[in-house]
Amino acid sequence: MKYLHTMVRIENIEKSLNFYCDILGLREIRRRESEKGRFTLIFLGAENSDEKTGLLELTYNWDSEKYTGGRNFGHLAYSVKNIYELCDKLLQNGVKINRPPRDGHMAFVKSPDGISIEILQEGKPLEEKEPWK
């Protein structure tokens, strides 16, 4: 398993980039905008971060919302060699799969404390298999 990123929701891109980049010293690695999803993702890294791991994902939702009660924290993300094997292991240990890996690429589970964890298949998605369809 490899740690990928932590996601936090932000209310103002300019103010957030000023804080994280100009003041804290992180650098913008990549950015993605989704017209359909109405959001912007900005991935930041420290000087020892590579292009894919150890990143901070800033998520800006275009429709305004006040984030309270931890809503601004999104999820932890890890990549794995075989998403189906890990999800089988999680199920065998009583962990509910909130978003099954139907596409062979992504799943979501929650920790015992309710922290959302995104699990991503390394490389290309695996072929879809039962019971995940």
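Residues are numbered from 1 along each chain as its sequence is written, and side-chain values use heavy atoms, with hydrogens and water left out. Because the model is predicted, local features need pLDDT of at least 70 and side-chain atom pairs count only at pLDDT 80 or more, while totals for chains, interfaces and linings use all residues.

**Exercise 1. State the order of the strands in the sheet and find its edges.**

Step 1. Strands (E, at least two residues) and helices (H or I, at least four) are DSSP runs, numbered from the N terminus. Two strands pair if DSSP finds at least two bridges between them.

Step 2. The open sheet has 8 strands in the order E2-E3-E4-E1-E5-E8-E7-E6, and its pairing is mixed.

Step 3. Strand E2 (27-34) and strand E6 (97-99) each have a single partner strand, so one side of each has no neighbour in the sheet; these are the edges.

Step 4. On average, neighbouring strands are turned by 25° against each other, direction ignored. Axes are lines fitted to C-alpha atoms, for helices over the stretch in contact, and angles run from 0 to 180 degrees between N-to-C directions.

**Exercise 2. Describe the pairing and burial of strand E3.**

Step 1. E2 and E3 run antiparallel and are joined by 7 bridges; Glu 33 has Thr 40 in E3 as its bridge partner. The two strands form a hairpin with 4 residues between them, and Arg 38 in the turn has a positive phi of about 60°.

Step 2. E3 and E4 also pair in the antiparallel sense, over 6 bridges. Here Leu 41 has Thr 59 in E4 as its bridge partner.

Step 3. Buried means under 20% relative accessible area, exposed over 50%, and partly exposed in between (1.4 Å probe, protein chains only). In E3, 7 of its 7 residues are buried.

Step 4. In a regular strand the side chains alternate between the two faces of the sheet. Phe 39, Leu 41, Phe 43 and Gly 45 point one way from E3, and Thr 40, Ile 42 and Leu 44 point the other way.

**Exercise 3. Is Leu 76 buried or partly exposed, and which residues does Leu 76 touch?**

Step 1. Leu 76 belongs to strand E5. With 22% relative accessibility, Leu 76 counts as partly exposed.

Step 2. Contact means heavy atoms within 4.5 Å. Beyond its neighbours within four places in sequence, Leu 76 is in contact with Tyr 3, His 5, Thr 6, Ile 115, Ser 116, Ile 117 and Glu 118.

Step 3. E1 and E5 run antiparallel, joined by 5 bridges, and Thr 6 stands opposite Leu 76. E5 and E8 run parallel, joined by 5 bridges, and Leu 76 stands opposite Ile 117 in E8.

**Exercise 4. What lines the largest pocket?**

Step 1. On a 1 Å grid over the protein atoms alone, a pocket is an open set of points where a 1.4 Å probe fits, with protein on both sides within 12 Å along at least five of seven lines; lining residues have an atom within 4 Å of a point.

Step 2. The volume, which is the space filled by probe spheres set on the points, is about 480 Å³ for the largest pocket.

Step 3. The lining has 20 residues, with Leu 4, His 5, His 105, Glu 118 and Leu 120 nearest the centre. Strand E1 gives the most, with 4 residues.
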